[in-house]
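Colleague: I have a structure open and would like to go through it with you. Can we start with the terms and then look at some residues?

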Amino acid sequence: MKIKIVSLAVLLSLASYHANAKEFVLTDNENGLAKGNWSISSQALGVKGKTFTIENTVLKGGKQDGTEVLTISSDNFTIKLSPTRGLGILSVVGDGVRMGWDSPVNEIVHPKYINLESRGGIGWLDGFNEMMVRCGFEWTGHATQADGMMYTLHGRAQNTPVSKLTVDIADKAPYTITVKGLIKENTFKKSHLETWASLSYVPGSREFTVHDVVTNKSDYARDYQIIYHSNFGTPILEEGAQFVAPVKEISPFNDYAKNGLNTWQTYLGPTKGFDEMVFNVYPFADSNGQTQVMVTNKAGDKAAGIAYNIKQLPVLSLWKNTDTLKQGYVTGLEPGTSFAYPVTIEREQKRVRQLEPGQSAEFTLTYSLLSNKDDVTKYAKKIEAIQGNQQTKVVNEPMAKE
């Protein structure tokens, strides 16, 4: 059965985009089109009452040579995407608050310089520095060798340049901007998954929506997995920062994480020697399956929030990497169909989904940048309303051993 759950706000914005939109095709491999450097603005389009620019830039030199970066700017709010890196979100900045982090990987690395199988299958880390990374779709999770192949860390989508890239701008208010990219995971005799990844943004707002549709183009049923690896560092992450979510159940990913169960809701400052600490979370949701989570700074006046549906993304991985600033001081709020265990474990625990031939699955997440105390408080109250009087179950042992 096709999974299709979309919020009313998303439906309205998508409807306006489809009915009246200017479409700009920047890349179309089937027709040999690659515009490269390109830009458009509200002024050039004759839009009144909204100010925005959209620019696509091809980087030069080093390991980012040939990488494309698409930047949307409006009203002191900037979103940076990379079509070359699976349309991942590099960073979002608004009102002096950043959604994103500082990785030791300080270039936007072109996939041609990535060997996913290096270091025992964790070569994915050689390019990891984005605010949001699509981990999937053929598989995700920790690297493992099985079925005669190497399942590399977090799959291939983020290191797959899009085969088609379009920018659509609605002709009518609110002039929704939608960037769409086609990610092809096509391998002879193996995968034939194609994903239309998209980001929609209303100029002047402080939120945006990711909407992805993955389709099995094969004549055979195929597995799929996805984790939306959403990463936040300073200025939101700091000593005393908090993870706020309506949590039904939480457990440690491994024995190391057991040491942090008593403080899973708060964060340390940069701490040398702190290893990655991951927790498996099952969130509560409202009657429609909608939930939302956030990470907020200590003062509660800067935060990043994610709203999504647990029918699409039933689990969440909470990743704490409060190592030194140079090593990568970051936390990940990661809604997914699966936890980050290797695909072999996720299959055993019945969390790997399948698509029948021609079948599609859809995923919708709305990200919010919250840059003042009132907005953070309002977002937190919605989370509290979902939690209500329901208790959080804390499980002391990992659900699996790698």
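Modeller: Start with a definition: a residue is buried when its relative accessible area is under 20%, exposed when it is over 50%, and partly exposed in between. Keep in mind that this is a predicted model.

Colleague: Where does Arg-156 fall, then, buried or exposed or in between?

Modeller: Arg-156 has 23% relative accessibility, so it counts as partly exposed.

Colleague: Which residue does Arg-156 meet in a salt bridge?

Modeller: Its partner is Glu-138, with 2.9 Å from N to O. Arg-156 is in the loop between β11 (149-151) and β12 (164-170), while Glu-138 is in the loop between β9 and β10 (144-146). The two are 18 residues apart, and the pair links distant parts of the chain. Glu-138 has 17% relative accessibility, so it counts as buried.

Colleague: How many salt bridges does the structure hold?

Modeller: There are 13 salt bridges. One of them joins Asp-212 to Arg-134, where the closest N and O atoms are 2.7 Å apart. Asp-212 belongs to strand β15 (residues 207-216) and Arg-134 to strand β9 (residues 132-137), so this pair ties together parts that are 78 residues apart in sequence.

Colleague: And are Asp-212 and Arg-134 buried or exposed?

Modeller: Asp-212 is buried, with a relative accessible area of 0%. Arg-134 counts as buried as well, at 1% relative accessibility.

Colleague: What does Lys-401 form a salt bridge with?

Modeller: Lys-401 pairs with Asp-255, and their closest N and O atoms are 2.8 Å apart. Lys-401 lies in the segment after β26 and Asp-255 in helix α4 (residues 255-258), so the pair ties together parts that are 146 residues apart in sequence. Lys-401 is exposed, with a relative accessible area of 54%, whereas Asp-255 counts as partly exposed at 43%.

Colleague: Which residues are linked with those two in a network?

Modeller: The network of salt bridges links Asp-255, Lys-258, Glu-397 and Lys-401.

Colleague: Next, Glu-68. Where is it, and what about its charge?

Modeller: Glu-68 is in strand β5 (residues 68-73). It is buried yet has no salt bridge. The nearest side chain of opposite charge is that of Lys-60, 9.6 Å away.

Colleague: What does the Glu-68 side chain make a polar contact with?

Modeller: The side chain of Asn-56, at 2.9 Å. Leaving aside neighbours within four places in sequence, Glu-68 is also in contact with other residues, among them Thr-27, Gly-36, Leu-81 and Leu-165. Thr-84 is on that list too.

Colleague: What else is in contact with Thr-84? I was looking at His-110.

Modeller: His-110 is in contact with Thr-84, as well as Lys-63, Gln-64, Asp-65, Gly-66 and Thr-67, again leaving aside neighbours within four places in sequence. His-110 lies in the loop between β8 (97-99) and α3 (118-121). At 14% relative accessibility, it counts as buried.

Colleague: Change of topic: the sheet. How many strands form it, and in what order?

Modeller: 10 strands form an open sheet, in the order β2-β1-β12-β13-β14-β15-β25-β21-β20-β17, and the pairing is antiparallel. The edge strands are β2 (33-34) and β17 (242-244), each pairing on one side only.

Colleague: What joins β1 to β2?

Modeller: 2 bridges, with the strands running antiparallel. In one place Thr-27 stands opposite Ala-34 in β2. β1 and β2 form a hairpin with 4 residues between them, and Gly-32 in the turn has a positive phi of about 65°.

Colleague: And how many bridges does β1 have with β12?

Modeller: Strand β1 (residues 21-28) pairs with β12 over 7 bridges, in the antiparallel sense. The bridge partner of Lys-22 in β12 is Ile-169.

Colleague: What about β13 and β14?

Modeller: β13 (residues 177-186) and β14 (residues 192-201) pair over 10 bridges, also antiparallel. Thr-178 stands opposite Ser-200 in β14.

Colleague: Last one: which strands does helix α7 lie across?

Modeller: Helix α7 (residues 373-387) lies across β17, β20 (290-296), β21 (303-309) and β25 (360-370), and runs at about 135° to β20.

How values were computed. Residues are numbered from 1 along each chain as its sequence is written. This is a predicted model: local features need pLDDT of at least 70, side-chain atom pairs count only at pLDDT 80 or more; totals for chains, interfaces and linings use all residues. Side-chain values use heavy atoms; hydrogens and water are left out. Two strands pair if DSSP finds at least two bridges between them. Contact means heavy atoms within 4.5 Å. Axes are lines fitted to C-alpha atoms, for helices over the stretch in contact, and angles run from 0 to 180 degrees between N-to-C directions. Buried means under 20% relative accessible area, exposed over 50%, partly exposed in between (1.4 Å probe, protein chains only). Lys and Arg count as positive and Asp and Glu as negative; His and the chain ends are not counted. A salt bridge is a side-chain nitrogen of Lys or Arg within 4 Å of a carboxyl oxygen of Asp or Glu. A polar contact is a pair of N or O atoms within 3.5 Å; within protein, one must be able to donate a hydrogen and the other to accept it, and residues adjacent in sequence count only if both atoms are side-chain atoms.
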